[in-house]
Amino acid sequence: MPLVLALFLLLLTACSGQFPQSVFAPRSDFSRDLDGLYKEIFWWAVAVFVIVETLLLIAIARYRARHGAAEPKPVHGHTALEIGWTLAPALILVFIAVPTMRTIFATAGQAPEGALRVQVIGHQWWWEYRYPTLNISAYNELHIPVGTPIQVEMTSADVIHSFWVPRLGGKRDLIQGRTNRIAFRADSTGEYWGQCAEFCGESHANMRLRVMVQTDSVFQRWVDQQRAAPAAPPKGSPAEAGMQVFRRSACIGCHTIAGVAQGKVGPDLSHVGSRATIAGALLPNTTETLRRWIMNAPLLKPGALMPPQNPSPPDLDALIAYLQSLK
Amino acid sequence: MKSWLTTTDHKRIGLLYFWTAFGFFMIGGLEALIIRAQLVRPDGGLGVSAETFNQLFTMHGTTMVFLALMPLSAAFFNYIIPLQIGARDVAFPRLNAFSYWVFLLGGLLLNASFIAGPLFGADRLSVAPDAGWFGYANLTSRQFSPGPNVDFWLLGLQILGIASLAAGFNFVVTIINMRAPGMRMLRLPPFTWMALVTQFLVITAFPVITVALVLLMFDRFFGTHFFLPSGGGDPILWQHLFWMFGHPEVYILILPAMGIISEVLPTFSRKPLFGYTVVVYSGVVIAFLGWSVWSHHMFSTGLGPIADSVFAGTTMLIAIPTGVKIFNWIGTLWGGQIRFTTSLLFAVGFIAMFIIGGLSGVTHASAPSDLQQTDTYYVVAHIHYVLFGGTILGLFSGIYYWWPKMTGRFLSESWGKVHFWLTLIGMNLAFFPMHFSGLLGMPRRIYTYPAELGVARFNQLSTVGAFLIGIATLVFFLNLLRTRWRPANAPANPWGGATLEWAIPSPPPVYNFTVIPTVANRLPLWQTERHAPMTPLPEKPPVPIHVPGGSWWPMITALGLPVIAIGALAHFLPVVLAGAAVVIVGIYRWAFEPFET
């Protein structure tokens, strides 16, 4: 048991690089509150565990049947003891309930005035983020400024999902027809991992996300980039050829690229080249993964709606060049 | 053969329940082993597809809850309760047979989905349910689950619900009305008491899931929108209904095991149960509180701070009666003369493991803390410490304890100890690391996880542990089989138990008691400071005892139910009507069956 506890403590302080979704490396007010509360309850639980298991071990070690021993005294009960061991857990629970209630109200999801609003919309199996005050959208990778309160408003376009970035806060469900809220303020920059926590169908396991917490200036640069229309590829470049491929392919039925196509089924690709990942933060955004994804998306993400495509090799190369040019 | 198909003897029905439920337990365990094998490696594991994996965890949960743990408890209710209260049978023997057949057929229907694909024009063999054992709306709607998978689930569960409800009413009436003279309520053995509380939970909780399933059925078959936001319905309504059933269900699963160890501990420490009345009342309190906590399964759905606070509070309250029970069990051992039989080891294992499950439960009773834990492997660890470390260890304890009574043959104690230690080590290896996987960010119900999460090691440990449990269960199975070829060697009261089932031969004659005993105290077979053991019953019945013959009608009536379900699955009304006709004719003939056969 001491070994297990030691291991546990080691994990509590574990470096986050090794465990990108650990709840023990909080980086926001929300997740720090939850972490503190958990640890408080944890130590009460350890104390109770040690006391009760010790009593049990003493009982079975001491009262092993011995040959020729007298029949045990037929004790039927003990009123004072009964009252005692009813009151003791009740008392401990008070010490757990009070900080629990305090934290419930502290983390009720209402951000202070002036918070940055972000709408999160769940899709099978990717994330859409809208910034209503900035008039931009993002997909799977949520960008937010460090130190600014964030008001997250969540809903779903289809089944129930759950938005969970352990280092930034607890999970909250995305439900069609409802709006749920969380609020938090990230306290250090970095890339934080998360994923859908509510079973949402075949590729639930592949519905991942990233949160990029950035300094104000980096965030502002990103916002400006997203606001601008994607630059038209230069005449005669492979990207230009790729744009033509995109235009005449099935792509336009589902995807939007500003000025080129207005499909609404899949994520908007206007700035897909500026993202670090594709396919619901499942794969890094590289030439190779884009190739595999376009050729057979359901193979990488079972159940994905995008059917396998079959462009000629030069067309595929051009298409990828085009997508990568959409910064 | 015929005598088994038509039997209305509670002892035979108990054995049927036992072997059937044990078969489903092995199937559910096999599903768990495939799940664990897949998770041994990150990034795709051993290549089990997402679709298959989702079916496996759905069926693992559904099977273990409805087809293994509940009916294993039912096996003991059937066999032991009439013996403990001094009755010749349950109140409604034919209804009892009906419950069993409905349970068997419902279980077979659910599992038939694994091979029914071609019948539905699917391009694969299996169309097993794949939306989780909790079947959250609106994933279960026709739009998002178009195949017959969810239909199998909702029809199978409705059938199983009929079996549970029929058995629930039967046992409530049995325990209240069939007690031997002098068997006052507070003289009932604790196992029978916990069974009574459990059956009250069954008859109040199962109507709730039935309503939910009927609404879901209407949504899927007739285009209603009870749970569909697109039509003005509410998917959260499903969660409220499901957990209003689902949380009492947890106590339906654990209370019988608590009852079992409340029998085993006194017998093997040669001391009466410490604080009998407190143990009984705390069981009743747990059941009452069990009705007021359902939304703690829904903290992440955004109920608002007031509701979160209320449900966090009521949930924490449950820790009090539960703690009281644990202290009373330790109080029973304290000062006793403990004999370390396999049955006692499992009972002590129950206490030791259940404490861990209870304490992790307190960490997610705290709503904000739960926001980091819910839907992760931390919760998987918690439920397995409660339902495996609690219920299953308790049931094993009961099997070793009552097997000599049920079959007249002892299970091997040395194999039993191998079984116990392998199970204990296996379960801790399997389930303890899940606390870490969960807190390090591994959600439940995922067929693959990225290596970067850093949870592969913990998953490997869990897999090794799961296979140890598998080996342990095989040892147990062989131990059970072994007794079939052994001569009957168990005396009437092999362990020195205090309750009425030990006053009659092992296995008991079909009429149970040669004369119905008159009970004068809580521990009729024991010498205590207050009383002497009761006088032994005569060996031969002094007057002939009428034992009713069997009946075909319970089984025939039960057969109509899966026919209705198959008709519904195939969207073919004539088959539904044919099944309904079988049920109606069956009930009619059953009702007018001559009393004497």
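Domains, interface and sheet

Biologist: What does the domain assignment of chain B give?

Modeller: For chain B there are domain 1 (8-532 + 546-550) and domain 2 (555-597), with bounds that come from an automatic or database domain assignment. This is a predicted model, in which local features need pLDDT of at least 70, side-chain atom pairs count only at pLDDT 80 or more, and totals for chains, interfaces and linings use all residues. Residues are numbered from 1 along each chain as its sequence is written, while chains are lettered from A and ligands numbered from 1 in the order in which they are written.

Biologist: How many residues of domain 1 of chain B are in contact with domain 2 of chain B?

Modeller: 15 residues of domain 1 of chain B are in contact with 11 residues of domain 2 of chain B; contact requires C-beta atoms, placed from the backbone, to lie within 7 Å.

Biologist: Which elements give two or more residues to that side of domain 1 of chain B?

Modeller: They are helix 4 (93-112) and helix 5 (149-177) of chain B. Helices (H or I, at least four residues) and strands (E, at least two) are DSSP runs, numbered from the N terminus. Helix 4 of chain B has the largest share, 7 residues.

Biologist: Turning to the two chains, how many residues of chain A are in contact with chain B?

Modeller: The contact involves 75 residues of chain A and 74 residues of chain B. On the chain A side, helix 2 (29-62), helix 3 (79-106) and strand 7 (172-174) each supply at least two residues. Helix 2 of chain A gives the most, with 15 residues.

Biologist: Now the open sheet in chain A: what is the strand order?

Modeller: The order is 4-10-9, an open sheet of 3 strands with mixed pairing; two strands pair if DSSP finds at least two bridges between them. Strand 4 (141-145) and strand 9 (190-195) of chain A each have a single partner strand, so one side of each lacks a neighbour in the sheet.

Biologist: In which sense do strand 4 and strand 10 of chain A pair?

Modeller: Strand 4 and strand 10 (residues 208-214) of chain A pair in the parallel sense over 5 bridges. Pro145(A) stands opposite Gln214(A) in strand 10 of chain A.

Biologist: Which helix lies across strand 4 and strand 10 of chain A?

Modeller: Helix 4 (residues 216-227) of chain A does, running at about 130 degrees to strand 4 of chain A. Axes are lines fitted to C-alpha atoms, for helices over the stretch in contact, and angles run from 0 to 180 degrees between N-to-C directions.
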